[in-house]
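Trainee: I have a structure to read. Please show me how to go about it.

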Amino acid sequence: METKEILTNFKNVAVVGFSKDPTKPSHKVPMFLKEHGYHVIPVNPTVKEINGMKCYNNLEEIPDRVDVVEVFRPSNEVESIVEQAVRRAKKKGDVKVVWLQEGIVNENAKRHAEENGLIFVQDKCMYKEFTKYIEGN
């Protein structure tokens with residue numbers, strides 16, 4: 001599936017590592033997505049809410065539908081996040097995509113996600129891809 005199709009078809013985004021710091025990309029990118037019609041769900045066990053949105057400790061706690069798991073965590077943490085996404089996809093049937101933000105790469109996680117039927121994107125910024133494919137900039 002192409003990046004444009006992911007951005008067009010999947011609007012429920014759980015953001016693992018959503019920062020409460022408004023100066024960080026891990027805050028700016030999810031807020032941009034929210035402002036552009038995505039349902040953004042923060043996953044950050046260190047705070048209760050960000051900008052009025054309830055934060056969850058992990059993917060499995062989220063009661064809402066999750067299409068995309070967007071990851072703002074170090075590459076060495078990605079395998080456990082993908083494992084949560086795979087468990088959730090098997091249990092709830094909702095997760096379709098794991099998206100690692102720019103600078104985050106993990107080939108073992110990629111293999112595990114794809115072996116379990118998930119689309120895997122790594123080392124790409126959702127904001128930059130949105131502006132390129134959806135806004136045409």
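Mentor: We will take a pair of packed helices and then a cavity. This is a predicted model, in which local features need pLDDT of at least 70 and side-chain atom pairs count only at pLDDT 80 or more, while totals for chains, interfaces and linings use all residues. Residues are numbered from 1 along each chain as its sequence is written, and side-chain values use heavy atoms, with hydrogens and water left out.

Trainee: What describes two packed helices?

Mentor: The angle between their axes and the distance between the axes. Here helix 3 (residues 78–92) and helix 4 (residues 107–115) pack at about 10°, with axes 9 Å apart. Helix 3 is therefore roughly parallel to helix 4 (angles under 35 degrees count as such). Helices are DSSP runs of H or I, at least four residues, numbered from the N terminus. Axes are lines fitted to C-alpha atoms over the stretch in contact, and angles run from 0 to 180 degrees between N-to-C directions.

Trainee: Which residues of helix 3 and helix 4 make the contact?

Mentor: Contact means heavy atoms within 4.5 Å. Helix 3 supplies Val78, Glu79, Val82, Glu83 and Val86, and helix 4 supplies Asn108, Ala109, His112 and Ala113.

Trainee: How much space lies in the largest cavity?

Mentor: A cavity is a set of points on a 1 Å grid over the protein atoms alone where a 1.4 Å probe fits but cannot get out; lining residues have an atom within 4 Å of a point. The largest cavity holds about 30 Å³, and its lining is Glu60, Arg88, Lys91 and Lys92. That volume is the space filled by probe spheres set on the points, which are joined across faces, edges and corners.

Note on methods:
Helix = DSSP H or I, 4+ residues; strand = E, 2+ residues; numbered from the N terminus. Parallel < 35°, antiparallel > 145°, perpendicular 65-115°, else oblique. 1 Å grid on protein atoms, 1.4 Å probe; cavity = no way out; pocket = protein on both sides within 12 Å on 5 of 7 lines; lining within 4 Å.
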